[in-house]
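Please read the following note with the sequence and the model side by side. Each numbered point takes up one part of the fold.

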Amino acid sequence: MKRTFLSLFFMTCAFMAFAQFPGFGQPAVEPQYKDINYAGDDLESHRMDIYLPDTGQDKYKVIVAIYGSAWFSNNMKGMTYMSLGKPLNDAGFAVVCINHRSSPEAKFPAQIQDVKAAIRYIRAHASEYKLDTSFIGITGFSSGGHLASMAGVTNGMKERTVGNVTVDLVGGVGGNLEFSSDVDAVVDWFGPVDMAHMSPDCSTVNDEKSPEAVLIGGAPADNPDMVALISPITYLPSMGAPRFLVFHGEADNVVPHCQGVRFSDALRQAGLLETFISVPEGGHGPVTFNDGTFKQMTDFFLKEAAKK
């Protein structure tokens, strides 16, 4: 009962936030390829949509986009396109919006295993969907920013151990294990990336009712090793990681602004930070999402894609 209440609560919060995002309430854009199951099963969690630019090219470089939901949703890929997809399509990228298993459905590392499975599927089936996998960027907002960042910092890693806990970062979802799940650039929109400092004043962990507690299946204070393992910042410096662009609103009351600051500092020290964009008066989506920041995102991806 408690889990059901938490799920409904966070989904309601996510819906209220989305209502303020650009594109919300506009007519839905239909993908060229809809509800592809990248795992070979019948789970809603393992479906993705592919949106191609309307420019008639033979193939397009790729951006994977991930929704935010405090990890509580397994089917918000349509909202991903509404929030982030169109500017990426307009810039000439194929946009792949993916679902992943929710935290009530499966505990971490299931979510990052799903992301990596989707990337492997994209590479394995590129010719079927007009995808140019010489460049695969990734972006996401809120918990999607966390997963996008996690994908980037774990390029080339199969597992990681902290203390007495080891997580399998790759898993076997969908197979295609002969293909890489690496990404070539990351844009993180206000993701929670340092779970040991998620309290409003950035001094400590959140409590046992927090979304990250549900993600790991226990109180963060009682599980410091797992808290470290779900935090992208733990994986820095990372020899295989690509360059990052990070956005965070200074008025974000859901994921503290210090998360973006701390992560950007760590990325800078590792030589992986393109830019940290701190948005004055930016909230958890509203104001932070705007034409200017969207252009900064697309410019960054275009710059990185040109290197490939």
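**Note on the sheet, its helices and selected residues**

1. His248 stands opposite Ser278 in strand E10. Strands (E, at least two residues) and helices (H or I, at least four) are DSSP runs, numbered from the N terminus. Strand E9 (residues 243–249) pairs with E10 in the parallel sense over six bridges; two strands are said to pair if DSSP finds at least two bridges between them. The model is predicted, so to speak of a local feature requires pLDDT of at least 70 and side-chain atom pairs count only at pLDDT 80 or more, while totals for chains, interfaces and linings use all residues. Residues are numbered from 1 along each chain as its sequence is written, and side-chain values use heavy atoms, with hydrogens and water left out.

2. The sheet as a whole is open and consists of eight strands in the order E1-E2-E4-E3-E5-E8-E9-E10, with mixed pairing. At its edges are strand E1 (33–37) and strand E10 (273–279), each of which pairs on one side only. From one strand to the next, the twist averages 20°.

3. Helix H8 (residues 291–305) lies across E3, E5, E8, E9 and E10 and runs at about 165° to E8. For these angles, axes are lines fitted to C-alpha atoms (for helices over the stretch in contact), and the values run from 0 to 180 degrees between N-to-C directions.

4. Which residues cover the two faces of E4? Ala94, Val96 and Ile98 lie on one side and Val95 and Cys97 on the other, and all are buried. Because five of the five residues of E4 are buried, the strand is largely enclosed by the rest of the structure. Buried means under 20% relative accessible area, exposed over 50%, and partly exposed in between (1.4 Å probe, protein chains only). E4 runs antiparallel to E2, to which four bridges join it, whereas its pairing with E3 is parallel, over five bridges. Cys97 is the bridge partner of Asp49 and also stands opposite Ala65.

5. The structure holds 12 salt bridges, each defined as a side-chain nitrogen of Lys or Arg within 4 Å of a carboxyl oxygen of Asp or Glu. One of them joins Lys77 and Asp35, with the closest N and O atoms 2.7 Å apart. This pair links distant parts of the chain, since Lys77 is in helix H2 and Asp35 is in strand E1, 42 residues apart. Lys77 counts as buried at 4% relative accessibility, while Asp35 is partly exposed at 30%. Asp35, Asp49 and Lys77 are linked in a network of salt bridges. Asp35 also has phi near 60°, a positive value in a residue other than glycine.

6. Two further salt bridges involve the helices. Asp90 and Lys86 meet at 2.8 Å, N to O; being four residues apart in helix H2, they are separated by about one helical turn. Lys303 in helix H8 and Glu274 in strand E10 are 29 residues apart, and their closest N and O atoms are 2.9 Å apart.

7. Asp188 is buried yet has no salt bridge, and the nearest side chain of opposite charge, Arg262, is 12 Å away. In this count Lys and Arg are positive and Asp and Glu negative; His and the chain ends are not counted. A polar atom of the Asp188 side chain lies 3.0 Å from the backbone nitrogen of Gly191. Beyond its neighbours within four places in sequence, the contacts of Asp188 include Gly140, Ser149, Leu245 and Phe263.

8. The bond from Phe108 to Pro109 is cis, with omega near 20°, and Pro109 is in the loop between E4 and helix H3 (110–124). A cis peptide bond also joins Leu236 and Pro237, with omega about 0°; Pro237 is in the loop between helix H6 (224–229) and E9.

Methods: Polar contact = N/O pair within 3.5 Å; in protein donor to acceptor, adjacent residues only side chain to side chain. Contact = heavy atoms within 4.5 Å.
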